[in-house]
Amino acid sequence: MRDSWDSLPVLAQDLIIAGALLLPLLVIGGILLRGFRPLPLVRALMWRFRWANLLFVLLIAVSTGMGIGLIAQERGLRTGSAQAAEKFDLVVTAPGSELTMMLAAVFLQPSAVPLLDGAAYDRIANHPQVQIAAPIAFGDSHDGAPVVGTIAEFVTYLSDGQIEGRIFARSGEAVVGAAIDLRIGDRFTPAHGRGSGADAEAHDGVGIEVVGRMARSGSPWDRAILIPVETVWEVHGLANGHPFEDGDRIGPPFTPELFPGTPAVIVHAGELWANYALRSEFTVAGETMAFFPGTVLADLYRVMGDVRQAMSVMSIVTQVLVAASVLLGLFILTRLFQRQLAMLRALGAPRRFVMAVVWGYGVTLLVAGTMLGLAFGYAAALVLSRIVTHRTDVLVTATITWAEVNLALGFLSAMSVLSLVPALVVLTRPVVENLRQ
Amino acid sequence: MKHLLAALMLMTTPVLAEEGHDHDQPAHAFEIGGLEILHPWTNATDQDHALLFMDLHNAGTARVEILGARLDSGLEGRLVGFRMKDGEMGFESLPPIPVAPGRQLALEPDGLAIRFDGLQAVLEEGHHWEVILLTSAGELEIDVVIEAQDARQHGHAGHSH
């Protein structure tokens, strides 16, 4: 049974779940409405109490939309951050907090981290399984954007070679991220530090020319300016990793004794399996720490998963409260038109027909509220995504998936079953007494 | 005086017992062709799949490849690597991984592991599980400690052997 289910395409599984969730509603509707045409009466009730009905629809829509929007946003953030880190197979740093190091090296969050020396870099760069060992150097900025020192191979790898203009070929040139407001040919002077404490005059006299622009990647590197790591060292008065006789050469190999240090080395191995072996080899107690950003994110998502569960519980509690309100509202609304319903019964309308009218009325409100709730949820996720993307530069995309649709359908179906209660209660009221009111 | 000595002995016994390392229970270290296998373990599970973890160190002079593992029943375990793809956690099958002389390799959660699919029996915490490790140096039967369902490392991790 399980194997047959697993062998189905994902879309087919989702459609079957959606169908199963809607089944109670369809069965009740089929039994109650068979042979009757209660829609004209339902329509009349909708119009007669339109403002009260509109309020109910909005109440259902807002509560459904809140739950859907939060769940969709959490998934968007998870997917976006994972995609932003996808290019970073393995990161080697000095021992410390993997999370701090990942935020600094992958998400370019400013942080004071210890440096790896030239010998450590040399050991990593010369490993036979290592294809790219990119030292990074940060701490400077331009107009709020981080200026990151690295090597040309890493820029090509990061952008998949999609660079407008060209890659930097000498010290003093830069390739900018897609979101940077500088054009090819522009020159700038980096500020020392980042944020409000940045010193704009510390590197006076240093001019860096933009020679290329990377395609958009949906990561914080879209808002970064990449320059040769040698330039970062030189503007800070450090050795540039090469002996004097090498002239203006940039990029590896570096001379270990002339290597000023790097907070992190981004490692890309030639083969997937090698990353796991390299992680073991570059994790040396007291010297270097190697980690997969994906693993750190997985730990983070586990914590987020707990938060998500808490949010789901809160969402369910909200839905239950709304369900109780809707039921109470239906009782009140049926009291409003109990005279009309009593008239129907006095005229000889079958009990099932009266039930069909009351139930159909309640379900119409629920369907309208749920559909509007899905639209609200999507709009909420869209707005939240734009805010998060703007603040973090991690491309967060809002999507409503079958998970959210099925959540809404589950709520709709459960409420449609509960809507039978006010429909049944209407029938228990004495006809004559209701007619007199 | 005798009572005082007895009381002192009683007070110190649990401490000594805690410090002692119980090697009568399943062994924690194995060796084949110079490859040392330390602390093989897995998580308790009632599912039909499990991940096998261990620390490897090649103390020999020839490189040894890790091919996978097998159970007595013939069920094969394959090497897998943890990957994050589009925000979803998952595993990818990997080819045999070599451990060069003097090198180490860690099979650990959210990293490298040997995955068994189609398990018939429940793995209960505190018990041990007999697995045959497949390497280029030969096959080796190892005792795998079954840790708690949510354990992230072997209970003896950090000890020196």
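Which residue in E9(A) is the bridge partner of Gly149(A)? In this predicted model, the partner of Gly149(A) is Ile227(A).

**Strand pairing around E9(A)**

Strand E9 of chain A, residues 225-228, runs parallel to strand E3 of chain A, residues 145-150. E9(A) also pairs with strand E5 of chain A, residues 173-176, in the antiparallel sense. The two pairings are set out below.

| Strand paired with E9(A) | Sense | Bridges |
|---|---|---|
| E3(A), residues 145-150 | parallel | four |
| E5(A), residues 173-176 | antiparallel | two |

**Nonpolar cores**

Ile225(A), a residue of E9(A), is among the residues with the most contacts inside the largest nonpolar core, which has 107 residues. Val91(A), Ala174(A), Val265(A), Ile266(A), Val267(A) and Leu52(B) are the others named for this. Domain 1 (7-83 + 300-436) and domain 2 (90-291) of chain A each supply at least three residues to this core. Leaving aside neighbours within four places in sequence, Ile225(A) is in contact with His142(A), Ala145(A), Val147(A), Val148(A), Ala174(A), Val176(A) and Ile180(A).

**Contact between the chains**

Between the two chains, 15 residues of chain A are in contact with 18 residues of chain B. On the side of chain A that touches chain B, helices H4 (50-84), H9 (272-282) and H10 (293-336) of chain A each supply at least two residues. H9(A) gives the most, with seven residues. By type, the residues on this side of chain A are seven nonpolar, five polar and three charged.

Technical notes:
Residues numbered from 1 in each chain as written. Chains lettered and ligands numbered in written order. Predicted model: local features only at pLDDT ≥ 70, side-chain atom pairs only at ≥ 80, totals over all residues. Contact = placed C-beta atoms within 7 Å. Nonpolar A, V, L, I, M, F, W, Y, C, P; charged D, E, K, R; others polar. Pairing = 2+ DSSP bridges. Core = buried A, V, L, I, M, F, W, Y, C linked by C-beta atoms within 7 Å. Buried ≥ 20, exposed ≤ 12 C-beta atoms within 10 Å, placed from the backbone. Domains from an automatic or database assignment.
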